[in-house]
Amino acid sequence: MSKPKVLIITYYWPPSGGAGVQRWLKFAKYLPELGFETHIYTPYNPEAPARDESLLKDVNPNLTVIRKPIFEPYGFYKKFTGKKGNVNAGFLSEDQNSREKLSEKVSVWIRGNFFIPDARVLWVKPSIRFLSHYLKEHNINTIISTGPPHSMHLIALALKKKMNLRWIADFRDPWTNIDFYAHLRLSHWADQKHHRLEAEVLQTADEVIVVGNTMKHEFQPLRKQDIHVITNGYDDDDFKSHRAEKGDAAAFNILHLGSINADRNHGVFWEALQQLMNENRPFKEALRLTFIGKNDYSVKSAVAQYHLESITHFETYIPHNQVAERMAVADLLYLPLNNTPNAKGIVSGKLFEYLACQLPILSIGHPDGDAAHILTETQAGITCDFEDVEAVKEAIIYYFKQKQAGLCISSKGIEAYSRLNLTRKLAELLG
């Protein structure tokens, strides 16, 4: 009996790094083990947030990976704005002046109104032409698209109409409800087109997958059929050899992994640290802060404002194969979530890798949000509201005293978020 076949359309794929790669890299790692012949369609020259060769080890040798060229307008954008290097996502500005530049504002307006749904839209038509032949040649009847970028969904939408395939649309983030949508400087026409395309994708796909319950409830009015929740997760293979690592016994190291944009840089965190340092001398002497990844200029401004430079270490992007080792030496993992209108539905992918470390987690986010529910369910950490300085202080000092007493957290049920178990859920949906 032949294996069921599936083709996955994804913009992010190794050696591209960053959070967008992990979800479908890990699904595709385990799908062949669960009996699926798996094909990946991806660009070979994407504008990725980082390059991470270490992720190539997770590419299952039984996959068929098809790479095709993509044209993106980022070259013109960089020349126009004077920026160099990779383009940051989510309106993260490492330079304090860049956000206010006229060239930046004009570029955002052009991107929002002429490249709908995103800057990868020019890849849609050539991809439809190529995949129409490829899918027939290889007798593939099931396709999966994952977004953002939501242009991947437009490729699948056209193929669905043209070939009557089975189509599963996966949303790692919202579309019109994403946190930076209001910053795109959209015209009424462009806004309407975004909403129309979003509704068409949700209504046409045979199955829709989202990463959290809030996103499901937000999307459900646009779709008659049920929407499936398959969260992000962690891969046991990434953490097995690092769980016994220990940090500096004398220090209390709070670590953040990943990017912090302005919406994740919360004043209550800095204020709580300052008050605790003024009130508790042992805490002041022990405190160390580590930020690994890209950070908005406002983060370094806050470090300077609160005179924390001497105890703060900043480091740029690190390869994913170093993540577990670096997190394992922390005493408290910091998880700031976006303080935006869609805050309740934000579930950062790093949350699940934090869970795998089995270290305490301090989250600042919506107290009734999806991430807060996961932390409560697993007993892995504490969520504090965006404006509650006292709650942040209590959480930090609680974990500081736990460290002094040599106590550890005792999380439970995190196995539900392992990549293998999540891929089993996907396999059931694929049938």
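The structure is a predicted model, in which local features need pLDDT of at least 70, side-chain atom pairs count only at pLDDT 80 or more, and totals for chains, interfaces and linings use all residues. Residues are numbered from 1 along each chain as its sequence is written, and side-chain values use heavy atoms, with hydrogens and water left out. Helices (H or I, at least four residues) and strands (E, at least two) are DSSP runs, numbered from the N terminus.

**Helix 5 with helix 6**

- Helix 5 covers residues 151-163 and helix 6 covers residues 188-204; they pack at an angle of about 50°, with axes 10 Å apart.
- Axes are lines fitted to C-alpha atoms, for helices over the stretch in contact, and angles run from 0 to 180 degrees between N-to-C directions.
- Helix 5 and helix 6 are therefore oblique to each other (under 35 degrees is roughly parallel, over 145 roughly antiparallel, 65 to 115 roughly perpendicular, and the rest oblique).
- Their crossing is left-handed (the near helix is turned anticlockwise from the far one by less than a right angle; clockwise would be right-handed).
- Helix 5 brings His153, Leu154, Leu157, Lys160 and Lys161 to the contact, and helix 6 brings Leu197, Glu200, Val201 and Thr204. Contact means heavy atoms within 4.5 Å.
- By class, this contact of helix 5 with helix 6 has four nonpolar, two polar and three charged residues. Ala, Val, Leu, Ile, Met, Phe, Trp, Tyr, Cys and Pro count as nonpolar, Asp, Glu, Lys and Arg as charged, and the others, Gly among them, as polar.

**Helix 4 with helix 5**

- Helix 4 (residues 124-137) packs on helix 5 at an angle of about 45°, with the axes 9 Å apart.
- That makes helix 4 oblique to helix 5.
- The crossing of helix 4 and helix 5 is right-handed.
- Val124, Ser127, Ile128, Leu131, Ser132, Leu135 and Lys136 of helix 4 meet residues of helix 5 including Leu154, Ile155, Ala158 and Leu159.
- The contact of helix 4 with helix 5 has nine nonpolar, three polar and two charged residues.

**Helix lengths and buried residues**

- Helix 6 has 17 residues, which at 1.5 Å a residue should span 24 Å; its end C-alpha atoms are 24 Å apart, which agrees. The expected span is 1.5 Å times one less than the number of residues.
- Buried residues of helix 6 are Ala190, His194, Leu197, Glu198, Ala199, Val201 and Leu202. Buried means under 20% relative accessible area, exposed over 50%, and partly exposed in between (1.4 Å probe, protein chains only).
- In helix 8, the buried residues are Val268, Phe269, Trp270, Ala272, Leu273, Leu276 and Met277.

- Ile140 sits in the loop between helix 4 and strand 4 (142-147). Ile140 is buried, at 1% relative accessibility.
- Leaving out residues up to four places away in sequence, Ile140 touches Lys5, Val6, Leu7, His39, Tyr134, Leu135 and Leu165.
- Ile140 and Glu37 lie 103 residues apart in sequence, yet 9.4 Å apart C-alpha to C-alpha.
- Thr214 is in helix 7 (residues 213-219) and counts as buried at 10% relative accessibility.
- Gly258 lies in the loop between strand 8 (252-257) and helix 8. Gly258 is partly exposed, with a relative accessible area of 23%.
- Setting aside neighbours within four places in sequence, Gly258 contacts Ile292, Gly293, Lys294, Asn295 and Lys350.
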